[in-house]
Each structure stands twice: as C-alpha cells, then as structure tokens.
Amino acid sequence: MAYNKNTYLLIFLPLAVLLYHLTPKKYRYLTLLAMSSIFFWSISGPLFFWAVYTTVITWAGGVLMDGLIRKNRLLPRELRSKPKELKKRLKRIAGAAVFAVVFALAALKYTNFTIELVASLIQKFCQNVTPGFAGMGSGPATVPVVSIAAPIGVSFYTLQAVGYLLDVCWGRIEAEQNPLKVMLFMIFFPTLMEGPILRWEDAREQMFAGEDIHEVNLVLGSFRIGWGLFKRMLISDRLNTAVGILFQPNSGFEGIMIFMTGVIVTVQLYLEFSGTIDIVLGSAQLFGIRLPENFRQPFLAKSAAEFWRRWHISLGSWFKNYIFYPVSASGLMKKWNKFGRKHLNSYVTMVVTSAICLFPVWMLNGIWHGPKWPYILYGVYYFLILLAEVMMEPLEKRLAGKLSLAWDGGLVTALRRIRTILIVLIGETLFRADTLADFGTMMKNLFTVPFRKDFPEALTRLGLDTGDWYVIIIGCIVVFIVEGMMEKEPELFTRLPERPVWQRWPVYYALIFSIVIFGAYGDGYLPVNLIYAGF
Amino acid sequence: MPSRERGERMKMTKGWKMDDGNLSVKITDRGRQFLRRGAFFGILLAGLVLPGIIMTPEKMIKYGLAMGRNRVFSEIGNQEKESIDVLVLGDSESYTSFSPLQAWGVHGFTAYNGGISGGTILESESVLGETLKKQSPRLVLLETHCLFYGNNGKHKTSHLTERLYNMFPLLRNHNGWKSTFRRVGKSSFKGFHINGTVKPVNALLLGKKKSTKISEINLESLQAMKKKCEERGAKLVLYSAPSPKCYTPERTGVLRKVAETMGLSYIDLNSRTREMCIDWTMDTRDHGDHLNISGGQKSTAYLGDWLVKNYDLPDRRQSRLAKKWNRDYQHYVEVTGRAMQRVLIAKELKRVNDFGFPE
C-alpha cells in the first residue's frame, strides 16, 4: 500500500475516516493508532516491532526525565539537586535513549554498507577476500554481506523520537505519559512513509483532540490530495520512463542531454516528493489535523541556503534545531568565537564558525538519506556550496555596490535564482545517480562538443511521445503558476471553499478530469515508487 | 440573538420547512446544501459515466481513439469473426518475435499477436478471454517472459483497477486524446511491432543474475488459460523468444519443467539461435532485450515452420479472407522493406568500421 495507490485512496483512507467518525471522541486517537498499525503492518509485516521498540524507548526515556524534573520540583528548595547536576542526569537519560533508537536505525540501515566498506578496504590490502551475500561465497574467502530489511519510515520516526527526547531533556516540552499517544505520534499513517518529520508540538494539540469530521476539512483535504495526484500522475509518473532511460549505465547521452537529465530528474523528484506531501497533508486534513508544510516554492530561492529553507522544510529545521544550534551554542564554539574576535578578523571567525557548524549538519543529512556514496557526496556538495555562499556573500554585495546594482533588485535576484537552480540541478543529478562513477561519467559527457549533438532527436528516445511532452510542459506551467500565486497568498487553497460556486466548481472539475484524462496510469506507464519512502 | 429568532434559525437548518401548517414547502439552508452536493456529484458522475456509452471497443477502434494496451483489446474485438487460427500472447517479447503477416505470406495461416508492453499473465488471460468471444483459434502461443513477473500484490490491485475500468470506461480509454498527435498512417500489423533500430548486445548489460521463480499466482493464471483453451478446443503452447537479456539456461530449464508438469508443449528459441542465424550484433534493437525487424523475421520464419510441421494449421490463401489479408500483407512488406533498409545501413557501417572502405 502506498499513498498513490487505489487501495489507499479508495479503500483504506475512506474506511479510516468512517471508523474515526463512528468512534467516540475520546477514543478517536486509538482508531488512528489502529489504522496506522494496520498500514505499517501491511507494508513491513513483523518489522512493525522495531517501531514498537523505538516507541517504548522514547516513551520510557521521556517519562523518566519528566519524573526526575517533577520530583526535583516537589522537593523543598534546600533538598533540590543543583541545576547543573539535574541537567547532567537528564542528559545521561536522554543520551542513553537517543543512543538506543539511533543504534536501531544504524543497525537496520547501515550494517551492509559498513560491512561492504570494511570488506572493500580489506580487499584492497588482501586480494583474496571479496564481499558477497551470506551463503553465496563469490571468491576464495568471503566477507558475509547480510541482507537486512528495514521497516518503513524508520529514518523519519527515528528523527521524531530523537527530537522528542531532546525537547523533554531541554525542558521545552512535558513528556507524554500515555505510551499509545507516543506511538501514534511516531507512526501516524499519513506521515509514515515520507514525513513531514513532526515535532511533538505539531502533533500534541490536534492528533489527540479527536476533532469531528467537518465538511470543510473533507473538501480541503480531498482538494489537496487531488493537487498532489495532479503533480504526480500528470508529470512525475510520466517522466519515470525517461528518467530510467537517462540514468541507465552507458546510456550514451552527451552535452545538452546531460543538462536535460538534470532538469528532468529535478522536476520529477520535486513533483513526486511535493505531490506525495500534498497527499499526506490532505489525508491528515480529513481528520482535522493540519500538519506543517514541507515545501514552499523552492525554485524561487535566491541561494542554496534559502533553497533548503523551502525544500524538505521539516528535515532542514530538524537539523537546525537539533544539530546546528547545539553545535553553535556549545562551549567549544563560544571559546573559538572569543579567540577569533581577539586574534583574527571577524570575517575569518565567521567563516570558520560556519564551517564547523555546517559540517556535521550536511554530513548527517547525506548519511540520513541512505547508505550510498552519492548521498554522502550530496551532503558534502551542499556543505561546500553553503560554505562558499557564506564566504562569497560579502564580496558579492560589494561587487553589486560597485556596479551600482541593488542587492534586492530584479537583475541581481534573477541572476542569483539562476545560479541556485544550476546548483540544484547538479545536486539532484548526483542524488539520483546510482554510483559516483555514473555521476562522474555524466559530468564528463556534459562538456562534449558539439553541445547540442543529437538534440532534439535524443528526446524522442526517452520513451515519451509528443502528447506526453505537451502534458508535461503544460502541467509544469500550471504547477509553477499556482506556486507563484501561493508565494503571494499562502492560504490560497484554504480560501477556496469561500469562493462562489461558479468559481470553485470549475476548479474542482478541472482538477479531477485533468487527472482522469491526462494522468499517466494504466496504458504502459509505470508509477514512480515513493522515492523518499526508501530513505 | 432573541430566542424566537434563534428557534426560527434552528428550524431553517433542519431541512424542509412547513409554512404555518400549509402544504407549500421552502428549501431551507440545509436542503439547499443537500441539493448543491447532489448537483456536484451528479455532474461528476455524469462526466465519468457518459463517455463510457460512446467509448465502446468498436467505436474506439473505428475512430482511432484506442491507444496502447487498450488498443489490443479493441483490435482483437474488431477482427472478423472466426478469422484467427493462432493467437500469440505475452509481453513485448512476443510482439517483436512473431509476425502474423509474415506467417500469412509464407504459410497462409492467420494469426494475431496480442502481446502487451510489460503485460502480465493476468492481462494475457484477459486478452485470451476477449479473443474467445468471437474467435476459435486452434493454437494459443504464450511467450513465457511474463511468467517471471513478480506478483507483489499486483493482482489484487489489478482486480480493483479492472472493476473501476469496467464501471468507468473513460478510465480505460483515457489516453484517446493522444491520437491527435499520432502520425497518420501508422498501422498495427496484426499486433506485430516493426522496428529497424540496431543496438548490438552489450555483454556488460547482460551480467545480472535472473530470478527463476515463477509465482503461484502466475501458475494459477497459466492453469486457467490452459483450461479456457481446452474448453474451446485450442492447444496452449509455450515459447521463449530469443533474448539474452531475458533468458538464461536456468530460466528455460524451469520453464521446461513447468511445461512438462502441466502437459504443455514448449519451444525455447534461445537454444536455436544458430539454426535461426540470429546475429546479436545486428538483430536486436536494444542490446539483446528485444529483436528488431531483422531478428523478428528470422524468429517468425523458424517458429512458423515449426508450427506448420507440428500442428494442423490451414492454408487460407484461397479463402474469402485472402483479399483483405493480402492487402495488409502488401502494406506490411512495404513498411518492413523500409525498416530493413535501416538494418542494412547499420550492417554496412559496421562492415566499414571493421574492415574499412572497399578498395
């Protein structure tokens, strides 16, 4: 079952809404939990128990820390622990719990990668050893590579668990005493596969309130789901065949076709991910739960840093809250800043500070996406780009001033946007490449002379016909016009039911019938798997 | 708000309202809402259902609106009654390896290739069902690659999708708009696909290990197809098209066992490529996955001979069907000739590359 499948949209989701409606208000969160558990089990089977394991650790860790804080508060002032001592004890509990949940994630997702890495190092030094699958020795001596399956959404709910534990430890939130509520927070079915990564504050008020099913929520939720399907089925699913061909090893594409590969894969990835998030937000809205947005017109960003504040927002803000800020506020950084200001100039201090704070964020970001070298290099790539932006910005501002160009003016903004899009195109090509060697070959082939060799004949070899290209281009124009409108009016969709019938009905019908008629389904199309569900 | 007004308001929202005990009724807010919702879903339902009345298989093919895998259903449905001797089924391996019109030209029996791109065995079963409504083929040839497709719950989804398609034919035929962009004169050669591209076998692309597992559901479908054929007096024959990318000796070994267990005939063309004179540098269009026109002609010639030798197939070249089939055959020969030109050019280029220009 996946969010874009008939079984989810036509059977599971309506059934969940119906059962939720029939349950007494007080127990509605239990209905959501039961449906989320069924959803999880239908995809991952007994691996569901890994989610139970993480929930138990998270809940117990939270309750222990909360107990400690409450107990300390109840004691007479003279008997209370000193703040430093209390903090130390809280940190110890949070550290152990975070270690336990992160260890499970690492064991499930990175064991093979680590073994293969060690094996390849051993192989480099001892030529008779090769990595192979367990029980299938492929050489004279074999280092076993065990096939480990990971439960769905493990990377997402682990980050939620870590965030929850740290928030309790830092006194930002009170721990939840009911383990079933913590479980629902972890595996709420709309967010399970692709996020957004929730914080406890996002869920606490709405998820357990058991709000009634309202017509307005049904309309808004369904419309949002429809919009997500529009993005996926008209464009992203249609491009799937082309992306498969473009990324085949030895595909032989060169010059402008490599550039087109970057454009096509970026459009596909964005519309797949943001379309799925629309389905996720719409599904939650049916139950009256408004989840935080995960995208905000990323291609209007003027820098890579801004791009990451608009793309996969929940992941970016998780790293900001739980890695970047703690590193920036650490004692070591304070000491460095003090030293830098005293002995070096402020520019050097600022650049070094940025480098130290950004490095763990981007390394972890790359590793979080999965055990593959292109993902790790993807993290390194953005670390270097963001660092370069920090270093270049003062110089660029000075240059713009010398050329009498306003920093926020049209020309500079346009140039900055173009540069950001080029950075993103390279990043997404790297992200989608199977191996670093494939990415290297593509980058080499980009500069083949003549640049426009075989173009546009090569476009006809991508498994799409003229009609498909028309739908893709018109679909993209519609998406980007709507996104442009949403940049000015973020509540564009929410206000739709307030519009008169003659305005809103045509919009509803246009959305439904464009999916029905122009959607890439059935007839020889292969829908894209939920790409982020693999992370 | 005064209590009387509030009471009035509540009455208004409860549905239909009686005026001072009179029989006349006014539509209240709630009633209006109900009507509005009804109108919305009524229009939506009409938009989904009404096109289905027009979109019958006959009309779809008549006006050239049927596309892709739906086209197969429409075209088979529109073949003249009792005019097909051999029905070929499977995925793309089938419609690139057996040409019905070539078999007509050489042997005189009639065939139709109902292969579907990426078609599952469930889809082949559906095509067989559609064909048997109007035809009584003597032989049903199933290309075996589709047997190795994993099921992964696809059958369950397929059934749900199939039901939706039957309820709303617009969904099945939604790609009809694409016919606007279709090149005029593009014909279907009784289901065979003509392709003159030459892309030699690349050993690097063939290295992957292939699963030899045939799922229970696929075997059940095969059994169901066998039963359907037996009921209609047709023989089900399995064949594996030449494709180094799709087949390995392990796979054909498994297929031989399946055929033996089920009492079916099986011919593996991969083990006969030498007899067929298949040249893997010239006869494939995509590095050993599918045959191009040159390879397709060779495999059709071999398979046609084998069928005529082993089964009782009629020569209909003197029958009433001949006029129409001969006309299609002439067109097929013309188009094949053009596609073969491309293969010959590629052959010449390769020769020049290997040995240089002639002195």
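Just after helix α6 of chain B, B:G108 takes a positive phi of about 90°. This is a value from a predicted model. Look back along the chain from that glycine, into the helix itself. Helix α6 of chain B covers residues 100-107. How many of its 8 residues are buried? The count is 6, so the helix is largely enclosed by the rest of the structure. The buried residues are B:P100, B:L101, B:Q102, B:A103, B:W104 and B:H107. Buried here means under 20% relative accessible area.

Stay in chain B and move on to helix α7, residues 121-132. B:L132 lies in this helix. Is B:L132 buried or exposed? Its relative accessibility is 9%, so B:L132 counts as buried. Now find B:E82. B:L132 and B:E82 are 50 residues apart in sequence. In space, they are 9.4 Å apart, C-alpha to C-alpha.

Next come the aromatic rings. Over all chains, the count comes to 63 aromatic pairs. Two examples from chain A show how such pairs can be arranged. A:F188 and A:F189 form a tilted pair. Their ring centres are 5.8 Å apart, with 50° between the planes. Both A:F188 and A:F189 are buried. The other example is A:F307 with A:W311, and this pair is stacked. Here the distance is 5.2 Å centre to centre, and the angle between the planes is 25°. Why does this pair count as stacked? Planes under 30 degrees apart are classed that way, so an angle of 25° qualifies. What about cover? A:F307 has 0% relative accessibility, so A:F307 counts as buried. A:W311 is buried because its relative accessible area is 0%.

Which residues form the positive surface patch? They are A:K71, A:K84, A:K87, A:K88, A:R89, A:K91, A:R92 and A:K334. Helix α4 of chain A, residues 83-125, supplies the largest share of this patch, with 6 residues. An α-helix has 3.6 residues a turn, so residues three or four places apart point the same way. Take one member of the patch, A:R92. Where is A:R92 placed? It sits in helix α4 of chain A. Why does A:R92 count as exposed? Its relative accessibility is 56%, and exposed means over 50%.

Methods. Residues numbered from 1 in each chain as written. Chains lettered and ligands numbered in written order. Predicted model: local features only at pLDDT ≥ 70, side-chain atom pairs only at ≥ 80, totals over all residues. Heavy atoms only, no water. Patch = residues over 30% accessible without salt bridge, like charges linked within 9 Å, V, L, I, M, F, W, Y side chains within 5 Å. Areas by Shrake-Rupley, 256 points an atom, 1.4 Å probe, with all protein chains shown as cover. Salt bridge = Lys/Arg side-chain N within 4 Å of Asp/Glu carboxyl O. Lys, Arg positive; Asp, Glu negative; His and termini not counted. Charge placed at Lys NZ, Arg CZ, Asp CG, Glu CD. Helix = DSSP H or I, 4+ residues; strand = E, 2+ residues; numbered from the N terminus. Buried < 20%, exposed > 50% of the residue type's maximum accessible area, 1.4 Å probe, protein only. Phe/Tyr/Trp six-rings, centres within 6.5 Å; stacked < 30°, edge-to-face > 60°.
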